[in-house]
Amino acid sequence: MALPKYTETHYRIWHYIYLTICAAVFFFLIAPLFVIFPLSFNAEEFLVFSDGMKRLDPDAFSLRWYQDMIYGTKNPWGLAAKNSFIIAIFATIGSVLLGTVAALGLSSRHMPYKGLIMAVLISPMIVPLIISGVAIFFFMAKAGLAATHTGIVLAHIVLGTPFVVITVTATLSGFDHSVTRAAASLGSNPVNTFMKITLPLILPGVISGGLFAFVTSFDEVVVVLFLAGLENTTIPIQMWTGLREQLSPTILAVATCLIVLSTLILVTAELLRRRSERLRGINQ
Amino acid sequence: MSSENKQILTTDGTPLEVSLKKAEKKNKIKAFLLVAPLLLFIIITYVFPIGDMLMRSVDDKMVTEMLPKTYKSMEIWDGEELPPEEVFEAFYFDFQKLIEEEREGKLSTQLNYTKNGFKSIIKKLRRKSKSFEEGNYKEQIMAVHKRWADVEYWRAIKRRAPAYTYQKYLKGMDMYENEKGEIVNVAEDRRVHRILWLRTLEIAFFVTVFCFLMAYPIAHLLATLPMKYSNLLMICVLLPFWTSLLVRTASWMILLQQQGIVNDFFVMIGLVSDDNRIEMMFNKTGSYVAMTQILLPFMVLPLYSVMKTISPSLMRAGKSLGGTPFIAFWKVYFPLTIPGIGAGCLLVFILAIGYYITPALVGGASGTLISNQIAFHMKSTLDWSFASAMGLMLLSGVLVIYWLYNKLVGIDNIKLG
């Protein structure tokens with residue numbers, strides 16, 4: 001964004017102020033995440049940069065908190081990670097199946113009461129989590145599913161489907177329906193058409209919706225706090241407990257792993273978004 | 001030649017109009033059937049449970065079911081003077097049944113909510129009623145304690161007759177129904193909930209304002225920079241967006257603590273002295289700072305997607321027609337971004353108003369919101385009906401904004417990265 005040569009001085013000054021403000025905001029957004037990295041390698045037990053770390057003394061850094069995370073005797077992270085992945089994977093499968101099929105119906109121009117139904121389907125994303133948590137807890141307690149994996153998976157499907165519905169309907173909005181009609185005219189049945197024609201075209205949207213559903217479930221803590229028993233503990237629950245009681249460096253080691261995971265997911269999501277835009281012919 | 005006698009027919013002889021309608025209907029059913037599984041799932045596991053919350057919040061059947069005969073006999077009592085003998089008799093038999101089922105303690109707790117002083121006189125009645133003789137229960141009950149001869153206490157029992165109540169909602173607004181049935185405020189020093197509601201609105205409002213002020217310039221920068229730079233900067237917005245909420249809260253806990261980096265920095269530049277470090281965590285400041293950073297991406301993304309569609313030539317046109325860059329911005333660019341501002345502000349406000357995790361961790365006592373109070377009643381006091389009532393009060397507020405959002409932005413226009 002180079003300024004033209006004829007720009008007057010006070011606009012030039014204003015422009016640099018504007019760039020400084022932007023830089024400060026970007027710093028505010030991203031910097032907090034980077035505090036966690038170095039501190040998770042701290043050799044000491046305190047959550048401040050030790051003098052050794054400031055001097056970049058190699059002895060001040062260690063992997064002990066990562067060891068503690070994996071091999072620690074009383075550490076619940078293994079069980080929590082296992083539960084988190086199992087719950088998130090099943091919740092993602094459920095959300096993607098239900099959400100994609102619903103999005104197909106919602107994108108049809110014949111769909112009756114589209115606005116109202118859409119508003120209901122999206123509502124779990126908008127309603128404060130604490131309210132969803134209370135309501136779902138009452139339901140699961142009645143259904144005898146409190147403190148079970150099934151109950152948590154069902155709850156996370158509720159919370160994850162809005163993301164799938166939104167991303168898939170967005171992908172379908174640029175979808176050329178004449179290709180499915182062409183397939184039908186060539187003798188393909190609807191299921192075959194969907195599998196061979198529609199699905200490959202909307203796949204980026206489906207996957208990115210699935211990623212949202214996965215992250216939603218993987219990060220979700222409020223509803224799980226109501227539903228989970230000791231056996232169903234998840235990574236967010238363990239972090240929540242840890243942060244409330246005592247902020248230990250082990251938590252920072254876990255947090256670092258989570259940041260790496262979210263970076264991977266972000267990169268995947270971005271690549272998919274670009275591929276989807278290319279496929280749908282939206283030029284940048 | 002009118003249209004009535006010249007109908008267009010399809011090959012099998014049915015009028016085209018009928019045939020089209022049939023096809024249309026079939027399509028409608030097809031589309032609906034696709035949506036049906038999810039809709040059903042959401043209604044059963046989500047919409048009904050919220051309805052269940054509503055029932056719980058107004059449900060007051062407990063006392064009604066414990067004293068069925070009493071309430072039946074009270075129907076004819078006008079509540080002016082002491083109730084007649086039948087009421088006392090009915091109450092005696094109801095009470096004996098409760099003692100058999102060992103539920104009289106529950107009754108005393110419930111009645112004590114309505115009027116203080118029931119606990120001791122019910123205990124006394126339980127003891128004395130063992131030696132009651134048949135007949136003339138009015139005299140015998142009144143002899144147990146002078147409060148049983150006080151009409152106020154009988155009125156209090158009568159007030160619990162309806163199976164439904166809105167008391168919990170009044171409590172959520174720091175009000176209650178007094179003996180005369182008037183709705184009054186609780187004593188000034190006990191008005192905790194109103195403070196919380198106001199604080200929730202205040203924090204949500206200012207977080208929205210801060211997010212807007214910070215998001216506007218960077219969204220503008222992202223929208224106007226060439227693609228290869230903006231894609232890189234976009235990562236700064238999207239990475240926090242995809243990172244676990246707890247991780248981001250944890251990083252603020254590290255930064256804001258008294259020995260933390262922010263305080264270190266303030267000491268270094270001489271803003272505060274070393275032994276006088278600022279408390280930025282476990283108070284409102286903590287909630288403000290952390291929530292603003294966490295919700296910022298939700299403001300940037302809608303603003304960005306709107307700004308992206310504004311052609312740069314519009315600003316140039318504005319300038320060439322004699323406007324200074326500031327005037328061109330204010331009169332041309334800014335009005336075009338209003339849809340994005342609306343979308344972003346409503347989204348951030350709606351998310352902020354129901355925030356729970358971050359305020360619970362960094363908010364301390366002065367930075368917690370209404371959600372924290374709901375969680376407190378769910379987990380600690382176990383007053384689930386009150387938690388439900390407050391949840392629904394919050395929900396009604398959120399639904400109004402949601403409706404507004406749907407009107408202004410359209411729910412299917414939510415942008416996710």
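## The interface between chains A and B

Two residues are in contact if their C-beta atoms, placed from the backbone, lie within 7 Å. By this test, 74 residues of chain A touch 73 residues of chain B. The model is predicted: local features need pLDDT of at least 70, side-chain atom pairs count only at pLDDT 80 or more, and totals for chains, interfaces and linings use all residues. Residues are numbered from 1 along each chain as its sequence is written, while chains are lettered from A and ligands numbered from 1 in the order in which they are written.

Which helix of chain A gives the most to the side that touches chain B? H1(A) does, with 14 residues. Helices here are DSSP runs (H or I, at least four residues), numbered from the N terminus. On that side of chain A, 62 residues are nonpolar, ten polar and two charged. Ala, Val, Leu, Ile, Met, Phe, Trp, Tyr, Cys and Pro count as nonpolar; Asp, Glu, Lys and Arg as charged; the others, Gly among them, as polar.

## A helix pair in chain B

H10(B) spans residues 192-224, and H16(B) spans residues 325-353. They pack at an angle of about 140°, with axes 9 Å apart. Axes are lines fitted to C-alpha atoms over the stretch in contact, and angles run from 0 to 180 degrees between N-to-C directions.

The contact includes Phe212(B) of H10(B) and Phe349(B) of H16(B). Its residues are twelve nonpolar, three polar and no charged.

## Confidence

Chain B has a mean pLDDT (the predictor's confidence in each residue, from 0 to 100) of 87. In chain B, 97% of residues reach 70 or more. The complex gets an ipTM of 0.88 and a pTM of 0.86 from the predictor.

Definitions and conventions. Helix = DSSP H or I, 4+ residues; strand = E, 2+ residues; numbered from the N terminus.
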